[in-house]
Amino acid sequence: MSLLTPVQREDGFRDHSNGHLERGSGNFGYRFSPDAETRFYVNANTWRQRLPGELSKTVALNTPRAADPEFVRQDQQRNIDSMRVANKTTLRFGPTTVDLGVFTHQRHVDHPIYRYLDYYVSDYGGFARTTDDRLIGGFRNRLIAGVNLQAGVIDYKEYANPGNAVKGELLTSALQKSQNHSVYAENSLFVLPNVALIAGGQFLHAVRNQEDRILSNGDQSGRRTYDIFNPKVGALWDVDPTWQVFANISRSAEAPTFDANTFNSPVSSNVNAQTATTYEIGTRGRRPDLTWDIALYRAELRNELQCLRSSPFSLCSVVNADRTVHQGVEAGLGVAFIKSAFAQEDRFWFNLAYTYNDFFFDGDARWGNNRLPGVPPHTIRAEVIYKHPNGFYAGPNVEWMPQAFFADNANSLTIDPYALLNFRIGHDAGGPGWSGYLEARNLFDTHYISSTITADIATPASALFNPGYGRTIYGGLRYRM
């Protein structure tokens, strides 16, 4: 049994960005026998957050604490109350393990923005998963198969927001229903004790149904169904117990949701499901003084779902790109370069996380081979940290975005490079008792853009950018029982 009840309050780095979050979670489990156990999970959240809005590039870099005046006038906010209840039961039958689960997630979203959004979301579902690991004809064989059943209902309403987060005239009312059901299987046949050949597949059935309850502006009702099969093949080589090499080719799919441009997408427009074929090869390993995780990938997408802002203060609109490519490298490295400097078994570690993103349109009729917006080509996070065996740690770290990237499909407006210096110190022995940390971020108070909303065509006046926090200090305490 465990309980967790954190509370977070924030005055806000920017104007009109104060908020607070309270979360409570707990779980309780019971073991009937060595081969049967069940666990219940409960999670509740209350989130109240004012929104400062996006800014033009010049304003974001020169006055990063500013809020958009229209967001202040309308008192734009995001307020969410939610509760999730779930159960997972595990049964073991010799070499076969069966996991069964159910869940429900209830949310109320009170969201005054350029309009006053007020809606209730009820998600529910279940899953069944079996894992069978045995010898077949003298070869180890591991089969994983299962089914996921998910459904949801959104009672959605939009009101005018004349100012100060006051509900005006009811403009939109709809009942939105969704289903996401999938069946999958994956089999790993170990042709050698440390080499497995992998084959699998998933069938996805998704439904989006919308019932328009205000017809004065036309009937926006509609229904879309998506049926997609996603195969997968691969290989896994355990070079030794601490070192692994892998490769795979897989298909994937994502059906549009009701989340963005809620009333018009996807059922009353021509938004299609996003599909991709991905090729990946990599290696991962962990030694006492060395860890690594490196993967090279290329994903060829059709109908990539893009969320583009077309006018100030509005939600973004979901559209399909034609053909796009996501390719790159994800790499992590950890090296202990000084050992037993002040105590036996202490370490100075150098940790590096590097991501290379080469994302672009592939012969698009409008955008040619332009870069996809919103994605930096390179991100680097590195730290040197001292770790004492008693749980004490301290050290500097940097976040570096060394190359500009674009905010729009036209590749006409860029987000500038930046580098941040941070420092953290703390103690965590990993067991019961107290742990805590302090972290100072952006020590040089660098002005930079932390994120952007994307657009088809942007101008220097486009309000798309969120400035990053200035010099800040974070701290926390935790007690484990």
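User: Which residue is the bridge partner of Gln176 in β10?
Analyst: In this predicted model, Gln176 has Gln210 as its bridge partner in β10.

User: How do β9 and β10 pair, and over how many bridges?
Analyst: β9 and strand β10, which covers residues 195-212, pair in the antiparallel sense, with 18 bridges. A hairpin of two residues joins β9 to β10.

User: Which strand pairs with β9 over 19 bridges?
Analyst: That is strand β8, residues 139-160, and its pairing with β9, residues 170-192, is antiparallel. Within β9, Ala185 stands opposite Ala145.

User: Which salt bridge does Lys177 form?
Analyst: The side chain of Lys177 meets that of Glu211 in a salt bridge, at 3.8 Å from N to O. This pair links distant parts of the chain, since Glu211 is in strand β10 and Lys177 in strand β9, 34 residues apart.

User: Is Lys177 buried, exposed or partly exposed?
Analyst: Lys177 counts as partly exposed, at 36% relative accessibility. Glu211 is also partly exposed, with a relative accessible area of 34%.

User: What about Glu186, which residue does its side chain meet in a salt bridge?
Analyst: Glu186 meets Lys232, with 3.3 Å from N to O. Glu186 lies in strand β9 and Lys232 in strand β11 (residues 222-240), so this pair ties together parts that are 46 residues apart in sequence. Glu186 is partly exposed at a relative accessible area of 26%, and Lys232 is partly exposed at 30%.

User: How many salt bridges does the structure hold?
Analyst: The structure holds 26 salt bridges. One of them joins Arg140 and Asp133, whose closest N and O atoms are 2.8 Å apart. Arg140 is partly exposed at 35% relative accessibility, and Asp133 is partly exposed with a relative accessible area of 26%.

User: Which residues are linked in a network of salt bridges?
Analyst: Asp289, Lys339, Glu345 and Arg347 are linked in such a network.

User: Changing topic: how many aromatic pairs are there?
Analyst: The count comes to ten aromatic pairs. Among them is the pair of Phe342 and Tyr386, which is edge-to-face, with 5.7 Å centre to centre and 75° between the planes.

User: Where do Phe342 and Tyr386 lie?
Analyst: Phe342 is in the loop between β17 (323-339) and β18 (347-361), while Tyr386 is in strand β19 (residues 378-387), so the pair ties together parts that are 44 residues apart in sequence.

User: And is each of them buried or exposed?
Analyst: Phe342 counts as exposed, at 67% relative accessibility, whereas Tyr386 is buried, with a relative accessible area of 10%.

User: Which cluster do ring pairs link Phe342 into?
Analyst: Ring pairs link Phe342 with Phe337, Phe348, Tyr386 and Phe392 into a cluster.

User: Now the nonpolar core. Which residues of the largest one touch the most other members?
Analyst: The largest nonpolar core has 15 residues, of which Ile415, Leu464 and Phe465 touch the most other members. A second, separate core has eleven residues, including Leu51, Phe71, Ile80 and Ile154.

User: What does Leu464 touch?
Analyst: Leaving out residues up to four places away in sequence, Leu464 touches Glu54, Leu55, Arg309, Ala407, Ser451, Thr452, Ile453, Ala455 and Ala458.

User: How many disulfides does a search of the whole structure find?
Analyst: The search finds one disulfide. A disulfide is a covalent bond between the sulfur atoms of two cysteines. Here Cys307 and Cys316 form the link, with their sulfur atoms 1.7 Å apart. The link of Cys307 and Cys316 is right-handed, with 65° about the S-S bond.

User: Why does Cys316 count as buried?
Analyst: Cys316 has 18% relative accessibility, and buried means under 20%. Cys307, with a relative accessible area of 24%, is partly exposed.

User: Last topic: what is the phi of Asp75?
Analyst: Phi of Asp75 is near 50°, a positive value in a residue other than glycine. Asp75 is in the loop between α2 (69-73) and β5 (77-93), and is buried with a relative accessible area of 14%.

User: What about the phi of Asp445, and where is that residue found?
Analyst: Asp445 has a positive phi of about 55°, although it is not a glycine. Asp445 is found in the loop between β24 (433-441) and β25 (449-452), and counts as partly exposed at 33% relative accessibility.

Definitions and conventions: Residues are numbered from 1 along each chain as its sequence is written. This is a predicted model: local features need pLDDT of at least 70, side-chain atom pairs count only at pLDDT 80 or more; totals for chains, interfaces and linings use all residues. Side-chain values use heavy atoms; hydrogens and water are left out. Helices (H or I, at least four residues) and strands (E, at least two) are DSSP runs, numbered from the N terminus. Buried means under 20% relative accessible area, exposed over 50%, partly exposed in between (1.4 Å probe, protein chains only). A disulfide is a pair of cysteine sulfur atoms within 2.5 Å. Two strands pair if DSSP finds at least two bridges between them. A nonpolar core is a set of buried Ala, Val, Leu, Ile, Met, Phe, Trp, Tyr and Cys residues joined through side-chain atoms within 4.5 Å. Contact means heavy atoms within 4.5 Å. Rings of Phe, Tyr and Trp (its six-membered ring) pair if their centres lie within 6.5 Å; planes under 30 degrees apart count as stacked, over 60 as edge-to-face and the rest as tilted. A salt bridge is a side-chain nitrogen of Lys or Arg within 4 Å of a carboxyl oxygen of Asp or Glu.
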